[in-house]
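Open the model in your viewer and show it as a cartoon. Keep the selection tool at hand for this short tour.

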Amino acid sequence: LEDAEFLRYGQIHRNTYINAPALLTETLQLRAHPNVFFAGQISGVEGYVESIATGMVAGMLAATFLSGETPRAFPRETAIGSLCHYISHADARRYQPANIAFDLFPPLANPLKDRRERQTEICRVAIEKFDEYVAVHV
């Protein structure tokens, strides 16, 4: 890939970010060099909370990697899992940074028509899956 395919400039703030879908796994590791982790705005997440969260996750997963274990992605049903999934699976040709949003979560098994109820259920499932992940992997 040419340099233009690796480095992009954001549209609003003109933040520099890598073309994460072409380069990163869901565990924030470079596909070509798994011992290198990316997080924050350079990975294509927008927002202070999102940048801090991916930094924390990259640090945790790097520690896991350095201990000889296989890093495990956070569940897709969680906010951080959905964000990491987005930055590692979006269309690399049209990739743009993103904040966390309900649109990034996988659809519910039993969709709810009422938006507030749907978002409440997404949050309930996210907390459940996060707790399960932490109990096993942290």
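How far apart should the ends of helix α2, residues 48-66, be at 1.5 Å a residue? Keep in mind that this is a predicted model. Select α2 and check its end C-alpha atoms. The 19 residues should span 27 Å, and the end C-alpha atoms are 27 Å apart, so the two values agree.

Next, colour the buried residues of α2. Select E50, S51, T54, V57, A58, L61, A62 and T64. They cover an arc of only 155° around the axis, so they sit on the same side of α2. Now turn to the other side of the helix. Y48, V49, I52 and L66 are exposed there.

What do the buried residues of α2 pack against? Show α3 (79-89) and α4 (115-137): these are the packing partners.

Step off the end of the helix. G68 follows α2, and its phi is positive, near 90°.

Now go back along the chain. Select F38, in the loop between α1 (20-23) and α2.

Show the contacts of F38. Leaving out residues up to four places away in sequence, F38 touches I18, L24, L28, L30, S43 and A58. One of these you have already coloured: A58 is among the buried residues of α2.

Last stop: pick the C-alpha atoms of F38 and T25. They are separated by 9.9 Å, with the two residues 13 apart along the chain.

Methods
Residues numbered from 1 in each chain as written. Predicted model: local features only at pLDDT ≥ 70, side-chain atom pairs only at ≥ 80, totals over all residues. Heavy atoms only, no water. Helix = DSSP H or I, 4+ residues; strand = E, 2+ residues; numbered from the N terminus. Expected span 1.5 Å × (residues − 1). Buried < 20%, exposed > 50% of the residue type's maximum accessible area, 1.4 Å probe, protein only. Arc of directions from axis to C-beta. Contact = heavy atoms within 4.5 Å.
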